[in-house]
Amino acid sequence: MNGQNFLVTGGAGFIGSHRVDALLEAGQAVTVLDDLSVGKMRNVTHHLNHPNFHFVKGSILDKKLVTQLIDDSGSGVRTGLQVPDNNLFGRGLTSDYSVV
């Protein structure tokens, strides 16, 4: 997992925030995308000043935003969303729904 940038969708939720904790503890860079409809900002507030943490308030339904975040993250992107065809917006990126 060295040198990867992780996009954690739903990262302010209960499971997602624990995944964020583990990734940051492992020295990874993490971008959280969450619309806070279910997740809570308090689950990630303690990471706001972490140099490897970035929070984006938004929805996974916003194709332009998700595409931009994937492009900005480079080649080591992992997401917490399930994609039925295992091909995120035609980018060749698969979903990863495992818990770290």
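Predicted model: local features only at pLDDT ≥ 70, side-chain atom pairs only at ≥ 80, totals over all residues.
Me: How do the strands of a sheet pair, and in which order do they stand here?

Reply: Strands of a sheet pair through backbone hydrogen bonds, in either a parallel or an antiparallel sense. In this model, an open sheet is built from 3 strands, ordered β1-β2-β3, with parallel pairing. From one strand to the next, the twist averages 20 degrees.

Me: How many bridges join β2 and β3?

Reply: Strand β2, residues 29-34, pairs with β3 over 5 bridges in the parallel sense. As for individual residues, Thr-31 has His-54 in β3 as its bridge partner.

Me: Which strands does helix α1 touch?

Reply: Helix α1, residues 14-25, packs on the sheet and touches β1, β2 and β3. The direction of α1 makes about 170 degrees with that of β1.

Me: Where does α2 lie, and at what angle to β2 does it run?

Reply: Helix α2 lies across β1, β2 and β3, and runs at about 180 degrees to β2.

Me: Is Ser-73 buried or exposed?

Reply: A residue counts as buried when its relative accessible area is under 20%. Ser-73 has 7% relative accessibility and therefore counts as buried. This residue lies in helix α2, which spans residues 63-73.

Me: How many residues apart in sequence are Ser-73 and Phe-6, and what is the distance in space?

Reply: Ser-73 and Phe-6 are separated by 67 residues in sequence, while their C-alpha atoms are 7.3 Å apart in space.

Notes. Residues numbered from 1 in each chain as written. Heavy atoms only, no water. Helix = DSSP H or I, 4+ residues; strand = E, 2+ residues; numbered from the N terminus. Buried < 20%, exposed > 50% of the residue type's maximum accessible area, 1.4 Å probe, protein only. Pairing = 2+ DSSP bridges. Axes fitted to C-alpha atoms, helices over the stretch in contact; angles between N-to-C directions. Contact = heavy atoms within 4.5 Å.
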